[in-house]
Amino acid sequence: MENSQLIAMITEAAIKQICHRSENNKIPVAISNRHVHLSQRDIKILFGEHHTFKIKKVLSQPKQYACEEKVTLVGVKGVIENVRILGPSRTHTQVEISVSDGIKLGISPPVRDSGDLANSASITLVGPLGCLTLQEGVIVAARHIHMHTTDAERFGVKDKERISVTAAGPRGLVFNETLIRVSEHYRLEMHIDIDEANAASLHNQDYVEIHQTHSNTQKSFL
């Protein structure tokens, strides 16, 4: 085999390897709009004693779905109607909104990981059969990445680790303090809210890449 042919073969193999590696390092984006997770107690108050949610769409993460049902959020300065319920029910009702939503409602919810509701913001929920006021339960959900255990191993990250993620493009930026959530049931996906997506001009199923881990042995995949 001539040197020129060997060089061509090596070059082609290297290009394929780089492309494969780049594709493997990409994480699809899912943009989360405002929504509500309800407890069984609060389902009864808002929708009735024996109400069963109607599934509108199954979501990408296991056992999660969007419901046909919606509620109205009432803050101290404004109202947001037609806020979708996500199922299944939870132990505690949780309302997830954006910073912009908070401004419209006149409340200032903290940025929190899902489930961390202590001393979060208050809101009134109005359903077809009743209403209730939560003394706490409204958060701006912290950005996070769902990873299967094999993805976490491939990226070299751990559950509950915080990393930096890069979004490319004309409005590209780095999302610091991105939470990693690992489970053998998860599908690889980064969840951000509408404010974050608009800031970087991201759309559903666009891709981001891990920029840097925050452990003692930092690494870059770029």
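Arg34 counts as partly exposed, at 27% relative accessibility; the term covers residues between buried, under 20% relative accessible area, and exposed, over 50% (1.4 Å probe, protein chains only). The structure is a predicted model, in which local features need pLDDT of at least 70 and side-chain atom pairs count only at pLDDT 80 or more, while totals for chains, interfaces and linings use all residues. Residues are numbered from 1 along each chain as its sequence is written, and side-chain values use heavy atoms, with hydrogens and water left out.

Side chains of opposite charge can pair when their charged atoms come close. Such a pair is called a salt bridge when a side-chain nitrogen of Lys or Arg lies within 4 Å of a carboxyl oxygen of Asp or Glu. By this rule, the model holds 8 salt bridges.

One of them joins the side chains of Arg34 and Asp101, with 2.9 Å from N to O. Helices (H or I, at least four residues) and strands (E, at least two) are DSSP runs, numbered from the N terminus. Asp101 is buried, its relative accessible area being 7%.

A second example pairs Asp113 with Arg162, whose closest N and O atoms are 2.6 Å apart. This pair also links distant parts of the chain: Asp113 sits in the loop between strand S7 (111-112) and strand S8 (121-126), Arg162 sits in strand S11 (residues 162-167), and 49 residues separate them. Asp113 is partly exposed at 24% relative accessible area, and Arg162 is likewise partly exposed, at 27%.

Asp116 and Arg112 form a further salt bridge, with 3.5 Å between the closest N and O atoms. Here Asp116 is partly exposed, with a relative accessible area of 37%, whereas Arg112 is buried at 17%.

Attention may now turn to Gln94, which is placed in strand S6 (residues 94-96). Gln94 is buried, with a relative accessible area of 1%. Its side chain is joined to that of Glu96 by a polar contact of 2.6 Å. A polar contact is a pair of N or O atoms within 3.5 Å; within protein, one must be able to donate a hydrogen and the other to accept it, and residues adjacent in sequence count only if both atoms are side-chain atoms. Leaving aside residues up to four places away in sequence, Gln94 touches His35, Val36, His37, Ser114, Gly115, Leu117, Gly137 and Ile139, where contact means heavy atoms within 4.5 Å.
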